[in-house]
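Reader: Please take me through this model one feature at a time, with the general idea before each case.

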Amino acid sequence: MLEIRNLHARVADKEILRGLDLTVNAGEVHAIMGPNGSGKSSLAHVLAGRPGYTVSAGEVLYRGQNLLEMSPELRAREGVFLAFQYPVEISGVSNAYFLKAALNAIRKHRGLPELDAIDFLSLAKEKARVVEIDEALVKRSVNEGFSGGEKKRNEIFQMAILDPRFAILDETDSGLDIDALQVVARGINQLRDRERAMLVVTHYQRLLNYIVPDFVHVLMEGRIVKSGGKEMALELEAKGYAWLEKEPAAAAK
Amino acid sequence: MSPVAEEKDVLRAEFERFTQELARADAPWLRELRTAAFTRFSERGFPTTRDEQWRETNVAKLARTLFVRPDATAEITPEALRRLGVVDLGGPEVVFVNGRFAAELSRTGGTAGVTVRRLRDVLESEPGTLEAQLARLASDQRNPFVALNTAFFEDGVVIEIASGTQAPQPVQIAWLSTSPGSKPTVCYPRSLILARRGSQATLVESYVGPSAAVYLTNAVSEALLEDGARLTHIKLQCEGLAAFHVATLAAQQGRDSVFTSHHFALGSALARTDIDQRFDGEGGECQLLGLFVGRGEQLLDTHSRIDHAKPRCLSRELYKGIVDGRSRGVFNGLVTVRKDAQKTDAQQSNKNLLLSREALVHSTPQLEILADDVKCKHGSTTGQLDPVALFYLRSRGIGEAQAKGLLTWAFASELVGRVPVAALRAALETQLSSLLPGGPRTQA
């Protein structure tokens with residue numbers, strides 16, 4: 001589904017990704033771990049098309065297409081979804097209106113009929129139940145006045161509605177207490193299936209107790225230095241990242 | 001002789017003709033008032049950009065244009081009135097077409113305690129009544145356009161909300177310009193609002209006109225709020241895009257009164273609104289809320305003055321501007337706290353959104369504090385759409401143009417949302433969605 005080859009990216013004059021390789025297949029959940037500043041969030045943003053990053057070398061193929069040439073909205077319409085680490089508050093735009101506009105843009109792109117308000121609201125109701133989000137939040141302004149947990153749940157709610165093929169979860173666990181984390185993880189697990197791939201970016205192993213990945217990669221200084229199975233997360237938790245700095249970069253998967 | 005001097009001579013001749021014809025039946029006090037006002041105007045002339053209050057707003061083109069009084073009343077159907085954007089609010093409605101009262105379009109009677117009368121009727125039937133009230137609040141010393149209005153107004157409205165009355169529906173005054181004939185026309189709307197003790201009312205003033213015609217609206221509204229009165233004033237400035245609109249709204253507040261002004265400046269090539277508020281008793285509250293949306297070459301200017309002349313009053317001001325194309329916005333807000341106005345609580349905020357590189361906003365929030373035990377703050381921000389929010393919307397599949405429209409609407413919607421009349425909120429939403437780029441509505 002996703003193939004990243006020798007990806008180099010920079011913000012302003014700073015090189016953040018320095019030759020990253022990664023392959024993700026449909027149905028797989030990959031975890032990207034690494035210390036602060038290793039480039040985890042930058043990878044998530046580059047894949048979603050956030051302006052401000054310059055890709056200086058390498059390529060990203062998404063379902064056989066050049067992902068890097070696509071606008072952010074086209075990526076979303078093709079099935080890429082980024083759950084933000086810091087979801088944005090948008091005062092004056094209701095969650096429901098925003099999501100209906102997004103869903104219909106995606107449906108239109110895929111040749112499906114647009115949903116009217118009634119059909120959309122019944123879909124929203126159903127998905128709100130799946131990800132355990134209070135229905136009242138659907139009608140409120142996007143993320144405005146939401147608690148940290150509500151914002152993260154709202155990201156997963158959006159993911160449930162938009163039904164992406166490839167979801168990137170950027171530090172979805174940050175700022176959540178253990179109860180909120182479990183709710184969010186349950187929502188994410190409900191959305192796992194054989195067709196959908198996920199890239200879970202996290203600093204801590206904790207989240208991976210609840211969202212068990214198929215593969216774990218360690219990102220350091222803009223490259224993947226080690227890849228392994230889910231048990232590697234525990235090893236990292238016990239030993240930290242420092243011991244990896246001495247190891248030669250290992251090819252990803 | 002300079003062109004401006006010629007202009008003044010033309011206006012002097014016009015004033016002499018006016019006093020001998022249309023205003024010949026005026027009571028002596030009104031004649032004196034008009035003459036004094038015209039003299040003040042003559043002494044000063046039209047403002048120039050050398051005047052501190054008019055630094056950003058050049059009215060030279062207006063001053064050079066020879067405006068005539070429209071000579072014929074245009075036939076307007078009720079449907080045409082609605083099509084032009086005057087929303088039926090169900091309550092009393094006074095319609096003026098080219099400055100002339102349109103009886104067939106108006107509804108004035110029917111609500112106990114709410115008296116809506118033509119200014120001309122009051123001046124003719126009770127010539128002494130208004131002597132103590134008219135032209136008391138709007139200063140023709142400060143603003144030459146107020147002087148011109150006082151000199152030249154023909155008609156208008158007097159609205160009185162009786163003591164203790166709660167007006168059940170908003171009272172609407174609609175000023176329509178049709179600009180008949182080939183010459184630029186002028187009208188001088190004049191409103192006097194008397195909110196008696198403990199009364200409660202909402203007043204809507206709508207200004208509409210055809211999009212291509214050059215005309216001038218020079219309006220003055222004076223609102224007196226007696227002790228405990230609550231008055232909400234909503235101004236919809238939706239003039240045609242070639243029009244000039246200059247207006248003053250003056251409000252004086254008695255003890256414990258509450259005045260709220262909602263101001264939407266959407267039309268006109270050049271629009272200038274002055275809001276002059278004054279607390280004349282303790283414990284009053286004042287809210288000034290405004291939104292201007294400029295496109296093309298429009299210049300939209302609001303100057304507000306909030307005068308904390310008495311202790312223990314509260315004022316809140318929020319003005320937002322959206323400017324696109326090569327349009328310009330001006331916000332100048334002065335909050336004065338006088339020496340004895342202790343326990344004043346004042347907040348002022350101006351936020352502007354620039355949608356193009358050529359658009360510009362001059363923002364001048366000012367606090368002038370002479371008392372020491374007060375809570376005052378003010379702020380001003382001008383910027384573009386938040387790129388992070390824009391990316392957030394796009395990352396969900398929403399196209400760039402639609403995302404920009406949504407964020408722009410979101411910026412404006414705060415002020416629309418605070419309008420207490422549902423029918424007006426809906427109308428504003430529709431109107432703004434046609435003005436803002438890609439601006440869809442937010443209701444799902």
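Author: Start with pairing: two strands pair if DSSP finds at least two bridges between them. Helices (H or I, at least four residues) and strands (E, at least two) are DSSP runs, numbered from the N terminus. This is a predicted model, in which local features need pLDDT of at least 70, side-chain atom pairs count only at pLDDT 80 or more, and totals for chains, interfaces and linings use all residues. Residues are numbered from 1 along each chain as its sequence is written, while chains are lettered from A and ligands numbered from 1 in the order in which they are written.

Reader: How many bridges join strand β15 of chain B to β17(B), and in which sense do they run?

Author: Strands of a sheet pair through backbone hydrogen bonds, either parallel or antiparallel. Here, β15 (residues 299-308) of chain B and β17(B) run parallel and are joined by 10 bridges. Within that pairing, Ser304(B) has Gly333(B) of β17(B) as its bridge partner. β17(B) also pairs in the parallel sense with strand β19 (residues 360-369) of chain B, over 10 bridges. There, Leu334(B) stands opposite Gln366(B) of β19(B).

Reader: How many residues of strand β17 of chain B are buried?

Author: A residue is buried if 20 or more other C-beta atoms lie within 10 Å of its own, exposed if 12 or fewer, and partly exposed in between, with C-beta atoms placed from the backbone. By that count, eight of the 10 residues of β17 (residues 328-337) of chain B are buried, and the strand is mostly covered. Helix α6 (residues 144-152) of chain B has nine of its nine residues buried, so the helix is largely enclosed by the rest of the structure. Among those buried residues are Pro144(B), Phe145(B) and Phe152(B).

Reader: Which strands stand at the edges of the open sheet in chain A?

Author: That sheet has four strands in the order β2-β1-β4-β5 (chain A), with antiparallel pairing. β2 (14-24) and β5 (65-66) of chain A are at its edges; each has a single partner strand, so one side of each lacks a neighbour in the sheet. The partner of β5(A) is strand β4 (residues 53-62) of chain A, paired in the antiparallel sense over two bridges. In that pair, Leu61(A) is opposite Asn66(A) of β5(A).

Reader: Where is Asn143(A) found, and what is its phi?

Author: Asn143(A) lies in the loop between β8 (141-142) and α6 (148-162) of chain A. Its phi is positive, about 60°, although Asn143(A) is not a glycine. Asn143(A) counts as buried because it has 22 C-beta neighbours inside 10 Å. Asp163(A), another residue other than glycine, has a positive phi near 55°. Asp163(A) is in the loop between α6 and β9 (166-170) of chain A, and is partly exposed, with 17 other C-beta atoms within 10 Å.

Reader: How many residues of chain A are in contact with chain B?

Author: Two residues are in contact if their C-beta atoms, placed from the backbone, lie within 7 Å. On that criterion, 26 residues of chain A are in contact with 22 residues of chain B. The largest share of the chain A side, seven residues, comes from α3(A).

Reader: What is the average pLDDT of chain A?

Author: pLDDT is the predictor's confidence in each residue, from 0 to 100. Chain A averages 91, and 97% of its residues score at least 70. Over residues 249-253 of chain A, pLDDT stays under 50.
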